[in-house]
Amino acid sequence: MKMKTNKRRKLNRLILVSVLVMLIAYGTTRHRNSGNDLLQVEVGVFELEKNTWGYEIWVDKAIFIRQEYIPAIPGNQYFLSKEDAIKTGNAVMQKLLKGQRPTLSSDEVIALGVVPGFSE
């Protein structure tokens, strides 16, 4: 019984965190005030070990997303070039600016051409 309770608690926490992330993502794409001042959204890249890359999405000069791995692809695959990290970060930023969830599907990532061994 104790194991089921722990699993249920973990699942409840995961659901809560997921809902909070979605609410934050939704809230950052809206206007800050009625004066039509939009949020400032930027993409930055950073170098990891072994000449691999990641990207960050900054909203109003604060890190909103830090992505070290290629999103939506099984396993932890790093970006092999700075350009691939920028390209993917820009795709996520465009979704944010359109008021969409800042996620990419595996098909979208493969279409960007950033996954080694995959291309359209």
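These are my notebook entries on what I looked up in this predicted model.

**Entry 1: overall make-up.** I began with the secondary structure of the protein, which comes to 3 helices and 3 strands, and I then read the elements from the N terminus on, where they run α-β-β-β-α-α. I looked up burial next and noted that buried residues make up 28% of the 120 residues in the protein. For the accessible surface I wrote down about 8,600 Å², of which 55% belongs to carbon and sulfur atoms. I also checked how far apart in sequence the contacting residues lie: among contacts between residues at least 6 apart, 47% join residues at least 24 apart.

Entry 2: I turned to the strands and found an open sheet of 3 strands in the order 1-2-3, with antiparallel pairing. Strand 1 (41–47) and strand 3 (62–67) each have a single partner strand and stand at the edges, so one side of each is left without a neighbour in the sheet. From one strand to the next, the twist averages 25°. I then looked at strand 2, residues 53–59, and counted 5 bridges joining strand 2 to strand 3, the two running antiparallel. For V59 I recorded a bridge partner in strand 3, namely A62.

**Entry 3: T88.** Is T88 buried or exposed? I placed T88 in helix 2, which spans residues 82–97, and I read its relative accessibility as 0%; because buried means under 20%, T88 counts as buried. I then listed what T88 touches, leaving aside its neighbours within four places in sequence, and the contacts are Y55, P71, F79, L104, L112 and V114.

Entry 4: Which loop holds N51? I found N51 in the loop between strand 1 and strand 2, with a phi near 55°, a positive value in a residue other than glycine. The relative accessibility of N51 is 51%, and since exposed means over 50%, N51 counts as exposed. I noted A72 as well, whose phi is near 70° and is likewise positive in a residue other than glycine. A72 has its place in the loop between strand 3 and helix 2, and at 39% relative accessibility A72 counts as partly exposed.

Conventions:
Residues numbered from 1 in each chain as written. Predicted model: local features only at pLDDT ≥ 70, side-chain atom pairs only at ≥ 80, totals over all residues. Heavy atoms only, no water. Helix = DSSP H or I, 4+ residues; strand = E, 2+ residues; numbered from the N terminus. Buried < 20%, exposed > 50% of the residue type's maximum accessible area, 1.4 Å probe, protein only. Contact = heavy atoms within 4.5 Å. Areas by Shrake-Rupley, 256 points an atom, 1.4 Å probe, with all protein chains shown as cover. Pairing = 2+ DSSP bridges. Axes fitted to C-alpha atoms, helices over the stretch in contact; angles between N-to-C directions.
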